[in-house]
There are 2 protein chains.
Amino acid sequence: MARTQGSHAGTTGPKVRDAALRLFARHGFAAVSMRQIAREVGVQAGALYLYTPDKQTLLFELMRDHLEDLLAAWDPPEGGALRRLEHFVRHHIAYHLDRPDLVFIAYMELRNLSPENFATIEGLRRDYENRLEAILNEGVATGRFDVPDTKLATMAVISMLTGVTTWFREGGRLSRTDVGNLYWDMVRKAVLAA
Amino acid sequence: MARTQGSHAGTTGPKVRDAALRLFARHGFAAVSMRQIAREVGVQAGALYLYTPDKQTLLFELMRDHLEDLLAAWDPPEGGALRRLEHFVRHHIAYHLDRPDLVFIAYMELRNLSPENFATIEGLRRDYENRLEAILNEGVATGRFDVPDTKLATMAVISMLTGVTTWFREGGRLSRTDVGNLYWDMVRKAVLAA
DNA sequence: CCTTGAATTGAACGTGTGTTCAGATAATCT
DNA sequence: AGATTATCTGAACACACGTTCAATTCAAGG
């Protein structure tokens, strides 16, 4: 037998990516087999190879698409460095809270990429970090910010903000708005000149 | 043949843990086989089972020992909340920079633990977080700190500090002392009342 | 020097891995 | 209705996995 009722490439392709994303995030890339992904999709393992050349490419494309979406999704507002920084902080938190699985694998599975794939992902991540660093540099140049080392501050702020996905739970004590406000409060105080 | 020259249980045990730590950190727990660890130690795979009941326990004990050492290593100084916080920040950074592999697996391989092992590790981690939260609470109580939510601030600060291991490279632009100073500067400004 | 016991080998067990592919099926097009 | 094509199955490939264990070797104690 082959091709059970009602199955089309248009729906199976996304289902493969969804299942892979969920399973990779939950158990880790190396711990998930192609047969597990196939079972989740409702298909035999061989059929997956109509939608990806191999397992690693499945992971790579999830990470690449995530980072490209992240880069495309941010529209820096007009205004000074402080206003742009606030927008960056709030947007980073909101965007990451909406995609915990993608964030997780994009930060955790780097070592399972081939060297070329790793370089691509690393480049995209650096593009994102450079945006924050540019804001900090601008604020320092205008004297509004007191940041002795903008490279370190960039890494520190991104680590702090991204960490929100490890503890935030929907319906918990704090709303998303609360979280955005509280993080922005800390970042603002940390970079602002006295 | 068995038992090649000059090998003793006293040296093989630690070598197994060292090799496992290095390989787990580099490639991930699930991606490392017992045979790879054995090859690194210079022994056959079966011999590893004289030193660990199974692969998962090897991981668990690395994580547990790391967290217990971390908890035991910190000796909070006399003084107010600000002084204790500074000591915590500097100690956290120094301790983590000395053990990048342990930090890495303790944060990355949680999902490869059995439920009971996970609960143990989670408890140890919470003990550590509670120390920071207690400092923040004390500072808020005395009016020295302006921290609207000490639980969130705890997570934010720990994420920020632990992130140092992802980018710091020995012999780079910044020394360890520089890094300690710069992080402490950000944390201090973020929590201090105006 | 001989015995004892810890340390290790090497083979084996059953199961699972990523990937390929000829053949089968169902939807689409003429 | 018949031919075509995209979609999927199921079996197979060669290899690797974690773990066990009888047999073997070496170091130490009497």
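This is a predicted model: local features need pLDDT of at least 70, side-chain atom pairs count only at pLDDT 80 or more; totals for chains, interfaces and linings use all residues.
Figure 1. On the side of chain A that touches chain B, the elements that give two or more residues are helix H1 (9–27), helix H5 (100–108), helix H7 (150–162) and helix H9 (176–191) of chain A. By class, this side of chain A comprises 23 nonpolar, 5 polar and 9 charged residues. Salt bridges across the interface of chain A and chain B number 6. The view includes the salt bridge between the side chains of Asp149(A) and Arg173(B), with an N to O distance of 2.5 Å.

**Figure 2. Extent of the surface buried between chain A and chain B.** The contact joins 37 residues of chain A to 37 residues of chain B. About 2,900 Å² is buried between the two chains, and carbon and sulfur atoms give 64% of this area. Three residues, Arg111(A), Leu152(A) and Lys189(A), supply 25% of the area that chain A buries against chain B, more than any other three residues.

Figure 3. The same surface serves both copies, since 100% of the contact residues of chain A recur in chain B.

Figure 4. Chain A contains 9 helices and 0 strands, and from the N terminus on its elements follow the order α-α-α-α-α-α-α-α-α. The C-alpha trace of chain A spans about 70 × 40 × 30 Å along its principal axes. The domain assignment divides chain A into domain 1 (9–52) and domain 2 (58–191). The centres of domain 1 and domain 2 of chain A, taken over C-alpha atoms, are separated by 28 Å. The contact between these domains takes 11 residues from domain 1 of chain A and 9 residues from domain 2 of chain A.

**Figure 5. The contact between domain 1 and domain 2 of chain A.** Domain 1 and domain 2 of chain A bury about 1,000 Å² between them, of which carbon and sulfur atoms give 77%. Leu21(A), Ala25(A) and Phe29(A) supply 49% of the area that domain 1 of chain A buries against domain 2 of chain A, more than any other three residues. Between the two domains of chain A there are 0 salt bridges, and 2 residue pairs are in polar contact, both residues at pLDDT 80 or more. H1(A) contributes 7 residues to the side of domain 1 of chain A that touches domain 2 of chain A, the largest share. The residues on this side of domain 1 of chain A fall into 7 nonpolar, 2 polar and 2 charged.

**Figure 6. A salt bridge between two helices of chain B.** Over all chains, a search of the whole structure finds 24 salt bridges. One salt bridge joins the side chains of Arg22(B) and Glu40(B), at 3.0 Å from N to O. Arg22(B) belongs to helix H1 (residues 9–27) of chain B and Glu40(B) to helix H2 (residues 34–41) of chain B, so the pair ties together parts that are 18 residues apart in sequence.

Methods: Residues are numbered from 1 along each chain as its sequence is written. Chains are lettered from A and ligands numbered from 1 in the order in which they are written. Side-chain values use heavy atoms; hydrogens and water are left out. Contact means heavy atoms within 4.5 Å. Buried area is the accessible area (1.4 Å probe) that two parts lose on being put together, summed over both. A salt bridge is a side-chain nitrogen of Lys or Arg within 4 Å of a carboxyl oxygen of Asp or Glu. Helices (H or I, at least four residues) and strands (E, at least two) are DSSP runs, numbered from the N terminus. Ala, Val, Leu, Ile, Met, Phe, Trp, Tyr, Cys and Pro count as nonpolar, Asp, Glu, Lys and Arg as charged, and the others, Gly among them, as polar. Domain bounds come from an automatic or database domain assignment. A polar contact is a pair of N or O atoms within 3.5 Å; within protein, one must be able to donate a hydrogen and the other to accept it, and residues adjacent in sequence count only if both atoms are side-chain atoms.
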